2 protein chains.
Amino acid sequence: MTPRPRKRNPKTACFEPAEFDLPGYLKTRQTEVDAALHGLLPPVGRFPGKLLAAMRHSLFSGGKRLRPILVLAAAEACGLARHRVLPAACALECIHTYSLIHDDLPAMDDDDFRRGQPTCHKVFGEGAAILAGDALLTLAFELLAGSGLRQRLRTARPRPGRAAAERQLAALELIARAAGVHGMVGGQMADLEAEGQAASLPLVQFIHVHKTGKLMQASLLLGGLLAGATPAQQRALAVYGEALGLAFQITDDVLDVVGERARLGKNVGKDRQAGKATYPALFGVEESRRRARQLAARGIRALKPLGRAALPLQALAAYVVSREV
Amino acid sequence: MTPRPRKRNPKTACFEPAEFDLPGYLKTRQTEVDAALHGLLPPVGRFPGKLLAAMRHSLFSGGKRLRPILVLAAAEACGLARHRVLPAACALECIHTYSLIHDDLPAMDDDDFRRGQPTCHKVFGEGAAILAGDALLTLAFELLAGSGLRQRLRTARPRPGRAAAERQLAALELIARAAGVHGMVGGQMADLEAEGQAASLPLVQFIHVHKTGKLMQASLLLGGLLAGATPAQQRALAVYGEALGLAFQITDDVLDVVGERARLGKNVGKDRQAGKATYPALFGVEESRRRARQLAARGIRALKPLGRAALPLQALAAYVVSREV
């Protein structure tokens, strides 16, 4: 007797979550990243104390550590032990945190709460918040260029292709591009400019791809690059990363409409109040969710060349579109 | 008959400006740096237009290009043709410009004018100014890690010591440290915190060394490092750079007291109004000038191991303390 096909979860379509313990995986990785981040900054009390306190406040206010986990997972999917790229993973969390601090400023999105905590400028003042963001962005590049990462890469089993220092430089250039005027910062500028304007699909996609997508995709490519990934592996990560970033941001927009303040830890419905260009504003909640799931499925399919080593990335894509926080 | 000793300029003590055409030297270098900076950003009109316009506004508002010129001069003093390090020189100007944009914000020093032009946030709004600073800082690291610099270093006559990629990574780490929480950003935080407090020499020195000195010193060490300088050469540049940075900032403070708004292009006397910790507030104008000249002389002496190749750097130190703008 042939077994009956198992009932598939329509939310995740081409992925079977039972195969993989994602919550356990995420918890381990979050703990590793948190420990590494704690070691980055000198203990509180050292000069300049207020700046370090402001950096710590935002770095440890309950982030999911998604971007660093993507760096670790991509490196592992391409055969490099994850501790080898841990400083690079921390760098991505520093960049993400700096972008949140600056986005929350009164001159930008003017948010008082983030992840249930008062935002950096509410606690430390605007001047300190601007500088804490600046310092975190600079720290990210110090980590990416640093001798700590260099040492970890140099002592790894030799990888095919370029030497460790060359890979590190290429990784730096990749991240700077994804974070800069043609990436994340450009996306935030477009988002600022779009407020109050009629939303169109090309504009919303431009903002999502640049503000969120580029850095998420770059996290994956960074892991692959440092691991000496083949061109086919990097292409797979690029397609997956693009789909994941857009799916993530659409889900964020949906949660802004349907979520509860208590669960998300930030003011919900702010996007609509601000007249922000979002997917739900264009297509409604259900169609937006459907598109996010479609994107996740496309990303999961793209991972095929990486085989079973990419299982965590598959599970992550399914999680990103089904999450409720 | 032996010639009578020439009368020495007491302002510059151990340096004879007649030996060297500094104005001509500065003009050539400024033109080279300006041309390279113009090539960095896509033409106006490209997306995101307002962000690019804000970056351009501050990058081309009449800066002296001192930091990039220090990079070029240090590389030449250590035997590397200056066009080899031009992208790194541009990166230093981007970092300097970003720091000015953020320092001028209402939440910081709240300045409406800089170099005779309205400041970035006055023209483009606070949000765009914050993002323009972020984008310029990120662009600096893209340039330092970039394949443009890599190519220029790789095709140069081989230098002693480390390979080009290793030198580039070390240079990146050096700049990130000098610009970050333990360098420039830390100095700006201390400056913010010090407003209205009683000034003490250790505090004023901390602020000057961190806010201005570290990045100036790093500009010199960057040029040396990329040129494959010997440890003795790097030590000479380090001592010179530290003295130059402090001398420069003391002179800035003096000019804030005695300068005229029209000549400096910014509001004069602001430091005193803001209760800022400065040298003139501690020692008066004349003693401050004397200390600046002493520092310049110390810097010039330190350059001895570099020989005549360091003539431009000597002239620069003399200029920095005698300038009136």
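Predicted model: local features only at pLDDT ≥ 70, side-chain atom pairs only at ≥ 80, totals over all residues.
**Stop 1: helix α1 of chain B**

Select residues 22-38 of chain B, which form helix α1. Now colour Arg29(B), Val33(B) and Leu37(B), the buried residues of α1(B). Why do they line one face of the helix? Seen down the axis of α1(B), the buried residues fall within an arc of 75 degrees, so they share one face. An α-helix has 3.6 residues a turn, so residues three or four places apart point the same way. Turn to the other side of α1(B) to find exposed residues, including Pro23(B), Lys27(B) and Ala35(B).

**Stop 2: where chain A touches chain B**

Show both chains: 42 residues of chain A contact 42 residues of chain B. On the chain A side, select α6 (126-145). α6(A) gives the largest share of that side, 13 residues. By class, the chain A side has 24 nonpolar, nine polar and nine charged residues.

**Stop 3: helices α10 and α11 of chain A**

Select residues 201-226 (α10) and 231-258 (α11) of chain A. Their axes come within 8 Å and cross at roughly 145 degrees, and the crossing is right-handed. Among the residues that meet here are Met216(A) and Leu220(A) in α10(A), and Leu237(A) and Phe248(A) in α11(A). This contact has ten nonpolar, ten polar and one charged residues.

Notes
Residues numbered from 1 in each chain as written. Chains lettered and ligands numbered in written order. Helix = DSSP H or I, 4+ residues; strand = E, 2+ residues; numbered from the N terminus. Expected span 1.5 Å × (residues − 1). Buried ≥ 20, exposed ≤ 12 C-beta atoms within 10 Å, placed from the backbone. Arc of directions from axis to C-beta. Contact = placed C-beta atoms within 7 Å. Nonpolar A, V, L, I, M, F, W, Y, C, P; charged D, E, K, R; others polar. Axes fitted to C-alpha atoms, helices over the stretch in contact; angles between N-to-C directions. Left-handed = near helix turned anticlockwise from the far one by under 90°.
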